[in-house]
Structure formats: C-alpha cells, structure tokens
Amino acid sequence: MTPAARLETVRPEDVIGAVAAHGLPGAPPLPAEALPDGAWRTLFDLATRDRLTPLLARAVADGAIGATARQEAQATAAHEQAMRLCLLLERSLLATSAGFEESGIMYRVLKGPAVAHLDYPDPALRAFGDIDVLVASSAYDDALAQLRAVGAERRFSEVRPGFDRRWGKGACVVAADGTQIDVHRTFVAGPFGLTIDLDELLLMPEWVEIGDELLPALDRESRFIHACFHAALGDRVPRLVALRDVAQIILTHDLDRDVVMARARRWRADAVIARAVRLAWARLRLAEHEWSRWASAHTADRFQTRALRAYTSESRSYATQAVAGLSAVRTVPEKVAYMHALLAADPGHLATRDRSYGRRIRRAARAFGANRSES
Amino acid sequence: MPAPVPLYRAPSTLWREGRFGVVLLAPGGSEPRTLTGTGRDLWHALARPVSRPDLVAGLAEAFGVNPERVEADISPVLAELQRIGAVVPEEA
C-alpha cells in the first residue's frame, strides 16, 4: 500500500486532483491528517469551483482524507447544497422532457443527470449545475419554440437565423424557474462539432431512470465520447469533474475500446479522446492503464492537430473555433454560406457582440490569422 | 376492522443520500427537504410498501426501543411526508 501523503509536502492544488479521483481503482492517496485551515479553505474553494464537493464529502466520510470536525461539517453542508440543486434541476429536466415528448421532439439527456445515474455507483457523487439535452437538427427550431412557449428565454441571440440549426452547437435558454437549459445540436462549436455523425449519435438510447420516469440518454460509448469532448475541449483549464467522468467510465465499466475508437475515428475525433484520457490520467494522477498507454502513444492527423488548437491555444475563443469550423465544412458552396453567415451577422446579434460589421470583419480576420499562424 | 393500508415512498420523489441525511423533492413540494436521524431510517424502511404497525415494529426492533417511542418519533415526519406526497398509500 502506498503511504499516505505527508502533510508538509501537500499543496491543495495537488490534493484536489486526488479528491477528484477518490474511489477509483489506482487513485492516489489523500493526506491522512487534517489540512491547516488556510490550505483547507483553498481546497474547499477548488472543490466548489470544480463541482467536487460530493467527492470531497465522501472522502472525508470514508476517512480517506483527514478533517477536523468543522471541516467535516463544511464538506457535508456543501454536499447537501449541491444535491438540493441537482434535485431541482432534475425536476426541471422532467418538465422539459415531458414537453418535448408531448410535442413529438426526439431528444437525449446529456452530461450531469445521465452520467450521475448511469455511470457513477451513487448519483450523490456527481454534482451538476444545469441541464443539457441533445435534439436532432431537424427538430432544433421546434425544441426552442416549445421551450419559449413555456416561458424560457434564449440567453444569446443566434448569429444569423438558421445558423444554429445548420452549423451551431446549440443554444442556452433560461427557463421560467431560472434553470439553465443547454439545447445541443452537437457536442461543441467549431470543427469537432461539425464532424460528428449526428444521426448515429441519436440511434439506440440508453434509458436513465429519474424519479419514476425513464428518459432517453446516449449509449455508453457516445456518453464516454461526449465526456471526452467536454474534458478536452470544453474549457481551457479542464474541469476536474469532467476529467473524473472520463476516468469513471473507463475504470468502472466494461468499455469496448475498439467500438469507441471506431466511432471516434468516423467522427474524426480520436485525438479528442486521446487528449481527454491523457489529461484525466495526469491530473487525477491515476495508475497506468491500457487506455492511458494507448492515449500516450496516440498521434493526431493533420486535421485534428489543427482543429485542436482552436480549443486549446492561448487565442482560444468562440471566434477562433467558428473560423476553424470552416475546415470541417465539406463543400465549397457550404463553406461560402458558412463564412457569409458568420460575417453578415443578424443586426440583433451584431449589436451585442461587435457593434458594427467593420469590427466583426476585423475580429474574423484576427481569428483567421490566429488559426493559420498556429498550423 | 380493515387492515391498515401499506405506505411507501412515492416513486416520483427525487432524492439523494449523504452524510447530511436524505434530501428529497416530492412531486408536490416547492423545495427539497432533508431527513436526518430517524427520518433517514424511516425513508429506507419505506422503500417497499409496509403497514404502519409493521413499520413501527421494524424500527423498534432495529433500534432496540419500545414501539411507543418510535410511533411518537415518526408520526410528525410521516405526516409531513404524506402531506407533500413523498409517501403514498400502496393503492395510489
């Protein structure tokens, strides 16, 4: 057995990675003694930021990390708060699902609620802060209309009418009760969102039981791929909860790598999977595994190498991802339509983003230049 | 005298458990509620339909206390859970 980390060598920024890994096979040890108050405060803030309060509370309850009575009480209270929010979000999800089903809109539950119930041994270990659903491109406008009809409002206007349905990631809406609902057409904006076979994504669902309802989610392989997208592309500094999802599915389920990678290669996203696994294993400091060995040895093709930069470089922005998306649009007429839609934005969208067409064109040129200079 | 109708936790109730107890959101509830102490044990005992006398007897045996004490402890909690729809009669 690996000796528990000694207190004087411990940094909260390292401990939080071990907290994120708590309960997984091959997870690193946690400090056996309670952290000094200052270090605990930092650790607690990191756990809150990365939605890891359930795992922190479980680590304390399991005796895996030392804690004073006050620290334990704080972790427990934070866990309760996180779970209260999850229940309210699930209720909102049930209402959203009922509305979609009544309107004949096919959908899939994504991320938090699906992963919590289907991939974690206890849904109380996985916190989430919003709802994500995936709908077919053909049903995208209907889905937004249905949500508007029950009082939801879109947070950001569309670049140009029809852009989202054709090329976009989706839209963020805020329901009447304040719940944030992300309506996805694909996993991400930009090139990797444009190469996914969306019809394949919506094939056989896996059913998630929430309350006494069965809601359709993605199958495990697609759920894993989405977790990798979220971990590898979602934020410049990947959220630990996203990295935990990647490791959780690999280490606690019988994931067929051949099936996953065949699907990822069809979607030109095998480099995304490799990046996510490398990040998860490094940040959570997990013991070497056949998946981590595969990820370390993986090399990306030219398209994926260039596409990854739109999400991971210093100049990462929605603009650079949108411009980089041009490389994934297949035909010349489509490319022309795509760039026209980005540049000739709807006046309402323009007013909130660039304020003038001149500014917008200059911003696009900078994004295009950034995209080329990093290739 | 008719047999007491078994009670159980409503399948539509959303809930999670941790060191804090059991937090639940009933179909008719506006806010989540948290059960602690005997409330948590009561929630688990209602996983399947159980008559009130059997519920009380089971908890009394589990905790080694007399049934009258258990009845006094769980009555207000059970009444509230039924009021918000988190616990329902089996025939519902």
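The paragraphs below take these topics in turn.

This is a predicted model, in which local features need pLDDT of at least 70 and side-chain atom pairs count only at pLDDT 80 or more, while totals for chains, interfaces and linings use all residues. Residues are numbered from 1 along each chain as its sequence is written, chains are lettered from A and ligands numbered from 1 in the order in which they are written, and side-chain values use heavy atoms, with hydrogens and water left out.

Pockets come first. A pocket here is an open set of points on a 1 Å grid over the protein atoms alone, where a 1.4 Å probe fits and protein lies on both sides within 12 Å along at least five of seven lines; its lining residues have an atom within 4 Å of a point. Grid points are joined across faces, edges and corners, and the volume is the space filled by probe spheres set on the points. The largest pocket has a volume of about 1,200 Å³. Its lining counts 42 residues, and those closest to the centre are A:K169, A:C172, A:Q180, A:D182 and A:H184. In chain A, at least two lining residues come from each of β4 (170-174), β5 (180-184), α10 (220-233), α16 (318-324) and α18 (347-353). These labels follow DSSP runs numbered from the N terminus: helices are H or I with at least four residues, strands are E with at least two.

Sorted by class, the lining of the largest pocket holds 15 nonpolar, twelve polar and 15 charged residues. Ala, Val, Leu, Ile, Met, Phe, Trp, Tyr, Cys and Pro count as nonpolar, Asp, Glu, Lys and Arg as charged, and the others, Gly among them, as polar.

The second largest pocket has a volume of about 370 Å³. Of its 17 lining residues, A:G211, B:R9, B:P11, B:T13 and B:W15 lie nearest the centre. At least two lining residues come from each of β6 (206-210) of chain A and β1 (7-9) and β2 (14-18) of chain B. The most comes from β2(B), with four residues. By class, this second largest pocket is lined by eight nonpolar, three polar and six charged residues.

How many disulfides are there over all chains? The search of the whole structure finds zero, where a disulfide is a pair of cysteine sulfur atoms within 2.5 Å. For A:C86, the closest cysteine sulfur is that of A:C172, 17 Å away, which is too far for a bond. A:C86 is buried at a relative accessible area of 0%, and A:C172 is also counted as buried, at 13%. Buried means under 20% relative accessible area, exposed over 50%, and partly exposed in between, with a 1.4 Å probe and protein chains only.

Two helices can be checked for length. The expected span of a helix is 1.5 Å times one less than its number of residues. Helix α4 (residues 69-102) of chain A has 34 residues and should span 50 Å, and its end C-alpha atoms are 50 Å apart, which agrees. One of the residues in this helix is A:F100, which counts as buried at 0% relative accessibility. Just after α4(A), A:G104 takes a positive phi of about 75°.

Helix α3 (residues 67-83) of chain B has 17 residues and should span 24 Å; the distance between its end C-alpha atoms is 23 Å, which agrees. Where does α3(B) kink? A kink of about 40° lies at B:I74, shortly before the proline B:P76; the bend at a residue is the angle between axes fitted to the seven residues ending there and the seven starting there. Buried residues of α3(B) include B:V70, B:I74, B:L78 and B:L81. An α-helix has 3.6 residues a turn, so residues three or four places apart point the same way. B:Q82 also belongs to helix α3 of chain B, but is partly exposed at 32% relative accessibility.

The last topic is backbone phi. Most residues other than glycine have a negative phi. A:R51 is not a glycine, yet has a positive phi of about 55°. A:R51 sits in the loop between α2 (37-49) and α3 (53-61) of chain A and is partly exposed at 29% relative accessibility. A:R268, not a glycine either, has a positive phi of about 55°. A:R268 is in the loop between α12 (257-266) and α13 (270-283) of chain A, and with a relative accessible area of 30% is partly exposed.
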